[in-house]
Every structure is written in C-alpha cells, then in structure tokens.
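Dear colleague,

Please find the sequence and the coordinates below, followed by an account of what was found.

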Amino acid sequence: MQYRALGSSGIQASVVGLGTWAIGGWMWGGTDEPAAIRAIQAALDDGINLVDTAPAYGFGLSEQLVGKAIRGRRDRVVLATKCGLVWHVQQGDHYFNSDEKAPNQSATQYRVYKCLRPETIRYEIEQSLKRLGVDCIDLYQTHWQESTTPIADTMATLQDLKRQGKIRAIGASNASVEQLDAYRRAGTLDVDQEKYSMLDRAHEADLLPACVRHRLAFLAYSPLASGLLTGRIGPDRIFNAGDLRRGNPRFSRDNLERVSRLLQAFQPIADAHHVSLGQLVIAWTVAQPGCTHALVGARDPAQAHENARAGDIRLEASELATMRQAIDAQGTGIV
Ligand SMILES: NC(=O)c1ccc[n+]([C@@H]2O[C@H](COP(=O)([O-])OP(=O)(O)OC[C@H]3O[C@@H](n4cnc5c(N)ncnc54)[C@H](OP(=O)(O)O)[C@@H]3O)[C@@H](O)[C@H]2O)c1
C-alpha cells in the first residue's frame with residue numbers, strides 16, 4: 001500500500017481509502033451489517049487506514065458500523081467523517097426529504113438541510129464522536145456547501161474544534177475553487193473531496209489543479225462509478241428498491257455495453273500486472289495529476305481485499321497514456 005499526506009496535517013493516509021456510504025444501506029438497497037463490519041476490518045488488515053463515512057450514510061448507521069468495526073483497532077485508522085447535512089433542525093438550505101431507503105420528496109421521516117452553522121456543527125460532532133466511539137476524528141469535512149453561512153464562520157468553528165483536540169484535519173467536499181479559496185483564507189484546509197473517476201473528469205479542469213497549487217489532498221469519491229467500472233455489473237443485475245443504480249441510465253444495457261468496450265481496451269494492461277479491471281481503474285485514478293487518494297466503496301471482505309491491493313500497483317507513463325487515449329476515444333458515448 002502506498003501512503004500520501006493529507007495536506008499539511010502530518011497525517012499519512014493510504015492512497016486507497018475505504019468509503020462506507022453503501023455500508024449504511026441508504027440509497028444502496030440495504031446493507032448486510034456483519035459483512036459490512038468484516039469488510040472494514042479486512043480493509044484495515046490489508047493496509048488501508050483511511051476510512052471515510054458521514055452521518056447521512058444511513059442516518060447514523062454507517063458511522064455506528066464503522067465504530068463497531070474499529071473498536072480495538074483505533075490506532076490503525078485515519079478516521080474521516082463529515083458535517084453539514086442535518087435533519088435534527090430545519091435550518092440552512094433545504095436539500096431533500098427522505099425515508100430510510102432513499103430520497104423521496106413526499107417522505108416525512110427525514111427533512112435534510114445543508115447547514116454549516118457553528119451551532120449545528122458543534123451538535124453534529126458530538127453525535128459523530130458518540131456513534132464512532134472515539135474522542136477524536138482525524139479528518140472532518142464539510143459534506144455539502146450552503147448559502148446561508150459565511151465560510152469564515154464555518155471555518156472558525158472547525159479551527160476551534162481542532163484547538164479542542166476533537167479533530168486533526170479539515171476538509172471540504174462538493175466545493176468550488178472559490179469556496180476552497182474562502183476556506184484557505186479563513187484557516188488551514190488540508191483536503192478537498194470530490195466526485196472523480198475516468199467517467200467523471202470535470203474536475204481535471206479546475207479543482208485538481210487547484211489542489212496541486214495549494215498542496216491539498218484530493219480524495220476522489222465514486223472512483224468505480226458506483227461499481228460500473230469493475231466490469232462486473234451485467235445487464236441482468238437486479239438492484240434492490242432504493243438502490244441509486246436502479247433505473248439509472250448509467251446502468252442501462254446500452255451504457256453497460258459501451259463501458260464494457262472501454263474496459264476491454266484495458267485488458268492487456270490488467271493482464272500484464274496480474275490485476276482485475278477494477279483494480280486497474282483504481283490504480284489509474286490515484287495516478288492522475290493531483291488525485292492523491294481514491295475512496296472506494298466495498299460491501300464485503302472480498303471486495304475490500306481486492307480494492308486494497310490496487311494500492312500496490314504502479315502504472316508506467318506509457319500505460320497511463322494508452323488508457324487515457326482509450327477513455328478519450330471510447331468514453332465520449334458513455335453516460
Ligand atoms: N462527499 C460526497 O458527497 C460523497 C459522495 C459519494 C461518495 N462519497 C464517498 O466515496 C465512497 C465511494 O464512492 P461510492 O461508494 O459512491 O462508489 P464506488 O466506490 O465507485 O463504488 C462502490 C460500489 O462498487 C461495488 N464494488 C466495489 N468494489 C468492488 C469489487 N471489488 N468487485 C465488484 N464490485 C465492487 C460495490 O457495490 P455492489 O457490490 O452493490 O455492486 C460498492 O458498493 C463512498 O462510500 C463515500 O465514502 C462521498
């Protein structure tokens with residue numbers, strides 16, 4: 001496993017991190033809790049130390065499962081969670097309503113707001129510390145940005161939490177370059193977490209170069225495009241109710257065929273390294289300029305084990321160039 005710095009925090013985190021959104025079940029058609037706990041532990045046994053979660057992933061469930069899994073292993077974990085999606089108050093920007101399975105405008109169980117006010121952050125961190133069973137979070141990230149709170153006020157609160165020893169590093173997610181600049185003006189920002197994969201490359205034009213310029217770690221989320229880029233999802237796969245992939249054009253028969261053609265072009269490189277296509281895709285992701293870490297979701301120990309091993313692969317410049325050419329040539333028709 002390779003390890004890289006989280007900005008200037010002094011924290012070294014595995015280039016392959018474990019993402020635990022799916023483990024919370026919400027928007028992923030449910031979860032198998034024992035398998036989820038074993039997946040987290042398998043990841044740690046294979047050299048992954050970066051574990052990313054959020055209160056919103058299963059409305060606390062993902063954090064609780066992470067907490068159970070890391071009990072007795074806390075010293076091996078760079079624990080990352082988030083604040084800024086709240087359902088205990090109706091403040092900030094209304095984002096969506098949800099039932100326990102997935103967003104649903106007519107649901108009344110959860111009214112989710114994007115809110116980064118000092119008082120909600122101070123409430124949220126205590127909830128997260130309790131669910132995770134720890135007294136300090138290594139990386140605390142603002143999950144979504146909102147319009148009602150000046151970033152300077154949010155950052156002042158985060159800096160104060162750092163002074164109190166409740167967090168060690170600060171990150172922002174789903175932010176613009178201008179918003180990152182506002183965070184940096186107000187304190188020490190170490191991480192930007194954004195959607196990035198070979199099918200989602202918009203941030204190559206803006207956020208990735210900004211992270212290089214300002215020495216921020218860039219944590220790529222959904223690097224397998226929700227599992228699509230493993231090449232293992234066939235047209236007959238049935239997704240459970242509430243799974244974000246059900247009825248999603250990305251997972252239509254036509255798109256699966258296009259993705260399969262793209263992945264076939266990578267097969268000789270995967271064979272040369274004796275790795276799976278999914279492992280190759282993860283290795284490609286963390287070899288891109290500015291992309292320091294990939295947060296990869298895993299539902300069970302086999303997936304966690306396979307994904308962790310991608311952190312050992314080192315691709316040659318010529319292999320990266322061949323892959324980029326294939327993405328540029330064939331990737332255009334892919335949704
Ligand atoms: N900041 C944000 O707003 C934000 C947003 C999204 C994600 N994230 C973070 O990024 C993490 C990763 O993103 P993601 O979970 O959306 O997507 P992802 O990592 O692209 O895909 C994860 C899914 O792919 C499948 N998969 C993973 N490894 C596999 C393997 N070896 N073989 C076969 N299938 C495999 C699993 O689903 P199945 O087994 O069900 O097919 C798994 O749940 C999240 O968990 C979260 O921590 C953050």
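The ligand is surrounded by 27 residues, of which Gly 19, Trp 21, Leu 224, Gly 227 and Gly 297 are the closest. Please note that this is a predicted model. Sorted by class, the shell around the ligand holds 14 polar, 9 nonpolar and 4 charged residues. Two elements, β13 (293-297) and α9 (301-309), each contribute at least two residues to that shell.

As to the overall fold, the protein contains 10 helices and 13 strands. Its radius of gyration is 19 Å, close to the 20 Å that the globule rule gives for 335 residues, so the protein is as compact as a globular protein of that length. Along the principal axes, the C-alpha atoms fill a box of roughly 55 × 45 × 40 Å. Of the 335 residues, 47% are buried. Among contacts with a separation of 6 or more, 75% are between residues 24 or more positions apart.

Strand β13, which supplies part of the ligand shell, also pairs with β12 in the parallel sense, over 3 bridges. Leu 219 stands opposite His 293 of β13 in this pairing. Strand β12 (residues 217-221) is mostly covered, as 5 of its 5 residues are buried. In a regular strand the side chains alternate between the two faces of the sheet. On one side of β12 lie Ala 217, Leu 219 and Tyr 221, on the other Phe 218 and Ala 220, and all of them are buried, which leaves both faces covered. Strand β12 is also paired with β11 (residues 191-195), in the parallel sense and over 5 bridges; here Tyr 221 is the bridge partner of Lys 195. From β11 the chain passes through helix α6 (residues 207-213) to β12, and this β-α-β crossover is right-handed.

Asp 192 takes part in a contact with Ala 175. Ala 175 is located in the loop between β10 (167-173) and α5 (177-186). Is Ala 175 buried or exposed? Ala 175 has 23 other C-beta atoms within 10 Å, and it is buried because the cut-off is 20 or more. Apart from neighbours within four places in sequence, its contacts are Gln 145, Leu 180 and Asp 192. The C-alpha atoms of Ala 175 and Asp 192 are 7.8 Å apart, while the two residues are 17 residues apart in sequence.

Helix α2 (residues 61-70) is largely enclosed by the rest of the structure, because 8 of its 10 residues are buried. The buried residues are Leu 61, Ser 62, Glu 63, Leu 65, Val 66, Gly 67, Ala 69 and Ile 70. Just after α2, Gly 72 adopts a positive phi of about 85°.

Finally, there is an open sheet of 3 strands, in the order β6-β8-β7, with antiparallel pairing. Its edge strands, β6 (85-86) and β7 (93-98), each pair on one side only. Strands β7 and β8 (residues 110-114) run antiparallel and are joined by 5 bridges. Within β8, Val 112 stands opposite Phe 96.

With kind regards

Key:
Residues numbered from 1 in each chain as written. Predicted model: local features only at pLDDT ≥ 70, side-chain atom pairs only at ≥ 80, totals over all residues. Near = placed C-beta within 6 Å. Helix = DSSP H or I, 4+ residues; strand = E, 2+ residues; numbered from the N terminus. Nonpolar A, V, L, I, M, F, W, Y, C, P; charged D, E, K, R; others polar. Buried ≥ 20, exposed ≤ 12 C-beta atoms within 10 Å, placed from the backbone. Pairing = 2+ DSSP bridges. Right-handed = clockwise from strand over helix to strand, strands pointing away. Rg over C-alpha atoms; globule rule 2.2 N^0.38 Å. Contact = placed C-beta atoms within 7 Å.
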